[in-house]
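Please follow the explanation below with the sequence and the coordinates open side by side.

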Amino acid sequence: LPIPLMPAAVEAALRAGKHVLSEKPAAPSIEAARRLLDAIAELGPRAPVWLVLENWQFKPSVRWLRERLQEGAIGRVVSAHLS
């Protein structure tokens with residue numbers, strides 16, 4: 001979804017009881033992000049989880065790793081930790 005549409009979609013999913021995984025930026029403004037946090041607070045302690053991740057697919061190190069995997073220089077990856 002385009003960033004301006006994210007807050008409404010995230011809030012609707014959370015209010016429907018769905019866990020949400022989204023990428024940065026989570027909202028187009030601080031105010032929109034705060035409204036989402038307020039909506040989660042309204043849902044109480046049993047609110048669904050909203051997790052915001054950073055998209056790493058275009059970072060140089062990840063692109064390098066993808067190329068090595070595609071050319072067969074690295075075997076099958078079972079687990080990875082990136083930081």
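Val49 lies in the loop between helix 2 (30-43) and strand 2 (50-53); helices (H or I, at least four residues) and strands (E, at least two) are DSSP runs, numbered from the N terminus. This is a predicted model, in which local features need pLDDT of at least 70 and side-chain atom pairs count only at pLDDT 80 or more, while totals for chains, interfaces and linings use all residues. Residues are numbered from 1 along each chain as its sequence is written, and side-chain values use heavy atoms, with hydrogens and water left out.

Val49 counts as partly exposed because its relative accessibility is 48%. The classes are buried for under 20% relative accessible area, exposed for over 50%, and partly exposed in between, with a 1.4 Å probe and protein chains only. Together with Leu21, Leu51 and Leu53, Val49 makes a nonpolar surface patch of about 360 Å². Patches are made of residues with over 30% relative accessible area and no salt bridge, where like charges are joined within 9 Å and nonpolar side chains (Val, Leu, Ile, Met, Phe, Trp, Tyr) within 5 Å. The accessible areas come from the Shrake-Rupley method with a 1.4 Å probe, and for residues only the protein chains shown count as cover.

Next come the strands. Ser22 is found in strand 1 (residues 20-23) and is buried, with a relative accessible area of 5%. Leaving aside neighbours within four places in sequence, Ser22 is in contact (heavy atoms within 4.5 Å) with Met6, Trp50, Leu51, Val52 and Leu53. The C-alpha atoms of Val52 and Ile3 are separated by 13 Å, the two residues being 49 apart along the chain.

What lies inside? In soluble globular proteins, nonpolar side chains tend to be buried together. Here the largest nonpolar core has nine residues: Met6, Val10, Leu14, Val20, Ala26, Leu36, Ile40, Ala47 and Trp50. Helix 1 (6-15) and helix 2 are the elements that give two or more residues to this core, and helix 1 gives the most, with three. A nonpolar core is a set of buried Ala, Val, Leu, Ile, Met, Phe, Trp, Tyr and Cys residues joined through side-chain atoms within 4.5 Å.

In helix 1, the buried residues are Met6, Pro7, Val10 and Leu14. Seen down the axis of helix 1, they fall within an arc of 95°, so they line one face of the helix; the arc is that of the directions from the helix axis to the C-beta atoms. Strand 1, helix 2 and strand 2 are among the elements that cover these residues. Helix 1 is followed by Gly17, whose phi is positive, near 85°.

Which charged side chains pair up? Side chains of opposite charge can pair when their charged atoms come close. A search of the whole structure finds six salt bridges, a salt bridge being a side-chain nitrogen of Lys or Arg within 4 Å of a carboxyl oxygen of Asp or Glu. The side chains of Glu54 and Lys24 form a salt bridge at 4.0 Å, N to O. Glu54 lies in the loop between strand 2 and helix 3 (60-70) and Lys24 in the loop between strand 1 and helix 2, so this pair ties together parts that are 30 residues apart in sequence. Glu54 counts as partly exposed at 40% relative accessibility, whereas Lys24 counts as exposed at 53%.

Glu54 also forms a salt bridge with Lys59, with the closest N and O atoms 3.2 Å apart; Lys59 is partly exposed at 29% relative accessibility. Arg68 and Glu67 meet in a salt bridge of 3.5 Å, N to O. Arg68 counts as buried at 17% relative accessibility, and Glu67 as partly exposed at 40%. Elsewhere, Glu11, Arg15 and Glu42 are linked in a network of salt bridges.

Lys24 has a further feature in the backbone: a cis peptide bond joins Lys24 and Pro25, with omega about -10°. Pro25 is found in the loop between strand 1 and helix 2.
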